[in-house]
Amino acid sequence: MTLLLLALKSLLVAAVTLGLLRLTRTRSAAERSTIAHLGLFALVALPLASLALPTLNLPLPAPMARIAAIDPVGRAERSLAVRDREAPTPAASASSAAPTSTSVGTVSGAARYAFLLPTLVLLAITLAALLRLIGLRARAEVLVDPDWLSALARAQRRMGFKNGTALLWSDELGSPVSWGMMRPVILLNNAAVAAPEQAEAIIAHELAHVVHFDWAKLILARVATATFWFNPLAWVLAREAHQLREESADDAVLAANIAGVDYAELLIGVARHQCRGALLGAHGVAPSKSSLGRRVRRVLDQSPARGPSGRSWVAGFATGMLSMAVPLAAVTFVPGHSALATIQTVPAGPRPAAALSSGAVRRDSPASVVNAGSRPADLPAGLPPTAAPVAAVTGQDQASGKSDDGDEADNMRVLGIGADYQRAMAQAGFPNLSSDDLAEARAGGVSPEYARDMRATGMRLSLEEVIEARNMGLSAAYISAMRRFGIKGDLDDYQGMRVVGVTAEFVPKLRSRGNNTTDPDELTSLRAAGGNGDP
């Protein structure tokens, strides 16, 4: 029950934060980034605050009682209650008393390990990424190019940053990255060093991350998603927070009088060399596949607010988050009259023979039931009315023979995935998908129609690639139109063309002028340089 309550609290915090981000979508990226990271901080503080704060007991609502009734630990304990009722002799019941207590403890311990294992794995991955950054810094060389050093000095003066920043270069990277707080590092790749005309934009972007303490915010997001790996809204919030950090850094570049078109072209160019492993523990100029379009459109748009996050804004939302998170962390639900059943565990011990041989449910058994209703019509003979709720909850699984397949069906129902969706996805070309695959596709907004249309483009796409295309905002109609012109590439190619405006109208116009290129990179560059849409 403790893990279930923690999950529900984390869902509420993440949902409220995402709702606030939606309500403030006209505000600047820096201000919205403040909201996102206060929400992540509230998530990380939930478990610690729950231990430190005094407990506030509230009645358990009926919907939560129903959810609790299907959790694996509770199901195991209720099964033990049924086994107690069916004990044939006092001797057999007495001999099973100790194993019953041990079985409950084993199931509870397994549930805790099942929760902690993904958390430890995710934290280990983050630690490995940080160790890689340490190795990169140790092997990198100091950059002494005067153009880059001048760009760094100008950016530091403009942002009022007086601490020293290490400017290094390495041939192990595909794009520039930055990390650190006390001794921040900006690490460039060979291609960037060879293009000093981009120094102002790259330095302004990376130094903005340093000034805004974005590395600490990144680590906060990693800890939040590792702790609440089971909460899809926590992952959505962490992804949105990362996007807002990048947009805030983009605003710093534009504030340095870098032309929006030039910077958009830089983003498209470095997107193909994103350093995935390094970006787990650092920030970089290169946008991810799913964020490229949004960042380019925002850079080229003149209307968005681009101001910094003021102190009053930070103080106001910090107070609001504390006002929500502190009482929520202290809340503990206790069974009320609306609950289906209350499970009370007590230490195992000797049991009176009379109670065991009569077939009655003992009050001191590992699972006793309160607030029981009248006997159901299908209750087996000899089972007392007080055991009706247990039979209603546990008898279903036993009567139907439900096992692992039944548990998977329960999970599918909880995720809102029906047999119709599974069948439609199979007809769309994705048969034999597991419940995890179906859940990932459903969460990514992939409908059977979208999956079928993407497969019909002629690209050999896996389910993961279809989900990625959906997150990018790519449509099957756009890809099909480009392929009819003979323009073939991967999802990155089509995304890059789409965000700069390579449309089904642009290509014929280009060809009418004698340019018949089908190379996605060349088309992207031509369209980005055209400005007004003409070749």
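Thr517 and Glu522 meet through their side chains, in a polar contact of 3.1 Å. That is a handy way into this structure, which is a predicted model.

Let's stay with Thr517 for a moment. This residue sits in the loop between helix H24 (506–512) and H25. Is Thr517 buried or exposed? Its relative accessible area is 12%, so Thr517 counts as buried, the cut-off being under 20%. Beyond its neighbours within four places in sequence, Thr517 is in contact with Leu510, Arg511, Glu522, Leu523 and Leu526. A polar atom of the Thr517 side chain also lies 3.2 Å from the backbone nitrogen of Asp519.

Now move along to Arg527, which belongs to helix H25 (residues 520–530). With a relative accessible area of 15%, Arg527 is buried too. What does its side chain find there? A polar atom of that side chain lies 3.0 Å from the backbone oxygen of Gly501. Val499 is 28 residues away from Arg527 in sequence, and the two C-alpha atoms are 10.0 Å apart in space.

Here are the side-chain polar distances side by side:

| Side chain | Partner | Distance |
|---|---|---|
| Thr517 | Glu522, side chain | 3.1 Å |

On to the nonpolar parts. In soluble globular proteins, nonpolar side chains tend to be buried together. The largest nonpolar core here has 71 residues, and Trp148, Leu188, Met425, Met482 and Val502 touch the most other members. Take Met425: leaving out residues up to four places away in sequence, it touches Phe430, Leu433, Leu438, Ala441, Val446, Ser447, Pro448, Ala451 and Leu463. Another core lies apart from the largest one and has 25 residues, including Leu38, Leu46, Met321 and Met324.

Over residues 67–101 pLDDT stays under 50, and the model has 56 contacts beyond four places in sequence for them. Residues 336–403 are also below 50, with 95 contacts beyond near neighbours in sequence. Where pLDDT is low, the predicted coordinates should not be read in detail.

Key:
Residues numbered from 1 in each chain as written. Predicted model: local features only at pLDDT ≥ 70, side-chain atom pairs only at ≥ 80, totals over all residues. Heavy atoms only, no water. Core = buried A, V, L, I, M, F, W, Y, C linked by side-chain atoms within 4.5 Å. Buried < 20%, exposed > 50% of the residue type's maximum accessible area, 1.4 Å probe, protein only. Contact = heavy atoms within 4.5 Å. pLDDT = per-residue confidence, 0-100. Helix = DSSP H or I, 4+ residues; strand = E, 2+ residues; numbered from the N terminus. Polar contact = N/O pair within 3.5 Å; in protein donor to acceptor, adjacent residues only side chain to side chain.
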